[in-house]
Amino acid sequence: MTAPVLVDGKGKKNIENLVSATRSLKASLEKSRALGFALQKAGSRLEEISQRLPTLEAAVRPIRADKEALVAVGGHINRAVGPAAAVLKVFDAVHGLEKSLLSDPRNDLPGYLSVLKRMEEALRFLGDNCGLGIQWLEDIVEYLEDNTVADEKYLGSLKKSLKKLRDLQSDEEKTELDGGLLNAALDKLENEFRRLLTEHSVPLPMSSAASVGEQACIAPSPLPVTVIHKLQAILGRLIANKRLERCISIYVEVRSCNVRASLQALGLDYLEISVSEFNDVQSIEGYIAKWGTHLEFAVKHLFEAEFKLCNDVFERIGLDVWMGCFAKIATQAGILAFLQFGKTVTESKNDPIKLLKLLDIFASLNKLRLDFNRLFGGAACLEIQNLTRDLIKRVIDGVAEIFWELLVQVELQRQNPPPLDGAVPRLVNFIIDYSNKLLSDGYRPILTQALVIHRSWKKEKFQEALLVGEVTNLVKAIEQNLDTWIKAYEDSTLSNFFAMNNHWHLYKHLKGTKVGELMGDKVKEHEQYKDYYAAVFLRDSWSKLPSHLSREGLIMFSGGRATARDLVKKRLKTFNEAFEDMYKKQSNWVITDRELREKTSQLIVQTIVPVYRSYMQNYGPLVEQDASSSKYAKYTVQNLEKMLLSLFHPKPLRYSSLKVRQTSGKFSNGAADHRRSNSMVL
């Protein structure tokens, strides 16, 4: 064990000093450590301050700016912020209308239109004032930039925002101010416009074409007044937003579809027929009659109503607009198809029946002339006008061409042989009936008018006497043809039969007619000629037969009974042979007129039967007792009469028509030119 060290007083003091120094050093170390920590913390704060110095510098820069610039900047800012704040307030109001404008207009149309008008006014305000507000903001930015009152980075950001606002002011981007709300509202209005039209556009009831003629008055406006007022109100807003063309397009689509639906019930498929689909006008004669009735119905009832409705709906916009709208409806609904059908008829082969049908078409157009001029007289209906004028010209040219060619065609028939059956030629029957039709109250005025117009185009005058003279010449040409044909028969009996037949036809069909009045006493002459030729026909044919039944040598059986029997047999045989030859020859001859046929047959019966009956009563028993009696007493009186009454009945006729070939040359009222004409086909 170590012994303790004894310390004196001086050593003790040194130890104390050492302990004190140690403590002091330790405290200094703690302070150094704390200072180190403090310095470390201060370093990061200094770095943060260093980073914020530019911002602080920019913030205090206005303080360093020119005093006058700092004083003026407040006024500039106030002037710019005022308009900008007003614009923002209106912009907020616009979006406040969104709920109302996205609702269905049909629920409250007046309210919807009122809200839409406020929307338009707000957008106009935005359009007018956004530019002003932007201009003020651009001025203040320029001022801040020129006087170094604001940071460049801040000013750059402002400039970029203002440029975007300026771009929105271009015409192409104005709609963006409301986020497309106005367009959505206008689309809804267009849909409501279409709905109102569609729901109140009902086709005119038409069960059949026969009911067309029962439509006695002009159809009233097809839309209620309240609906028209709604349409006008909607139009006002849509037009204000440059949507007139879209409204017209909707209107034309709906209304033209409605008119087509009304016409569809009439069965108008025939309007699409082409020239290649029919042989001649007669084959579509029924369609032409329908055409006139249907066209009148379409014009006076359907297009008249559409004309009035267009005026009612669009009258506030202007004449050109609603007339243009009506023109589009008429065109799309089918008026051009009616005119095209008329043109198709004019392009068909020329024949006399076509002349009558062309007159029917002209009469229909003439009847509707005032309506056409009123409905389709505007500049918007130019296509309809041109097609109508072209159709009228084609019709009148066709009428004149065929009419003046008729005489030529009749004269050309003269060279053809007469009919083998002695009947009235179809040409005679047709021309007499046709001439009466041309001078009838139904055709004469319209034919005269057409010929007057045709001559006026050539700067020539037309007198009605020319029409009368031409028709009279047709009948005279027929008479000349008959004279030629009568002489053309080698068989004189058939010639007389033919003459009797045709003179009676002329008398019967001219007596009491317009043409007959023009012919005067000539008509009566035909009856006289008929009587003359009937007598000659009977004399030269059937009147010869009774002579074969002579009673000579049979009175009181002067030569004995056997001799008498032989004479009766011989004479009956001769009679039978003559009768059979004549009957066989004339059994193919025809008298179409029932009255003449029955009268002629009765005359023959009266000529033959009484003589035959008397002869058979007196001398028949002589033959009947003979074994070969059937060879001589071949006919009973009843059978003989029945056979005679069966003569001259017409045979079933095949269909035929009278045609005139269409020629390239122009025809004049003159002599026939065989080089440019073709005969009528019977």
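The model is predicted, so local features need pLDDT of at least 70 and side-chain atom pairs pLDDT 80 or more, while totals for chains, interfaces and linings use all residues. Residues are numbered from 1 along each chain as its sequence is written, and side-chain values use heavy atoms, with hydrogens and water left out.

Me: At roughly what angle do the axes of helix 16 and helix 17 cross?
Reply: Helices are DSSP runs (H or I, at least four residues), numbered from the N terminus. Axes are lines fitted to C-alpha atoms over the stretch in contact, with angles from 0 to 180 degrees between N-to-C directions. The axes of helix 16 (residues 444-457) and helix 17 (residues 464-488) come within 10 Å and cross at roughly 115°.

Me: Which residues of helix 17 make the contact with helix 16?
Reply: Contact means heavy atoms within 4.5 Å. From helix 16, the contact is made by R444, L447, T448, L451 and R455. The helix 17 side consists of E464, L466, L467 and V468.

Me: Is S364 buried or exposed?
Reply: S364 lies in helix 12 (residues 352-367). Leaving aside neighbours within four places in sequence, S364 is in contact with W291 and G292. Buried means under 20% relative accessible area, exposed over 50%, and partly exposed in between (1.4 Å probe, protein chains only). At a relative accessible area of 16%, S364 is therefore buried.

Me: Which helices do the buried residues of helix 15 pack against?
Reply: Helix 15 (residues 426-438) has 13 residues. Its buried residues include L427, F430 and Y434. The buried residues of helix 15 pack against helix 12, helix 14 (382-412), helix 16, helix 17, helix 18 (492-510) and helix 19 (514-519).

Notes: Helices (H or I, at least four residues) and strands (E, at least two) are DSSP runs, numbered from the N terminus. The expected span of a helix is 1.5 Å times one less than its number of residues.
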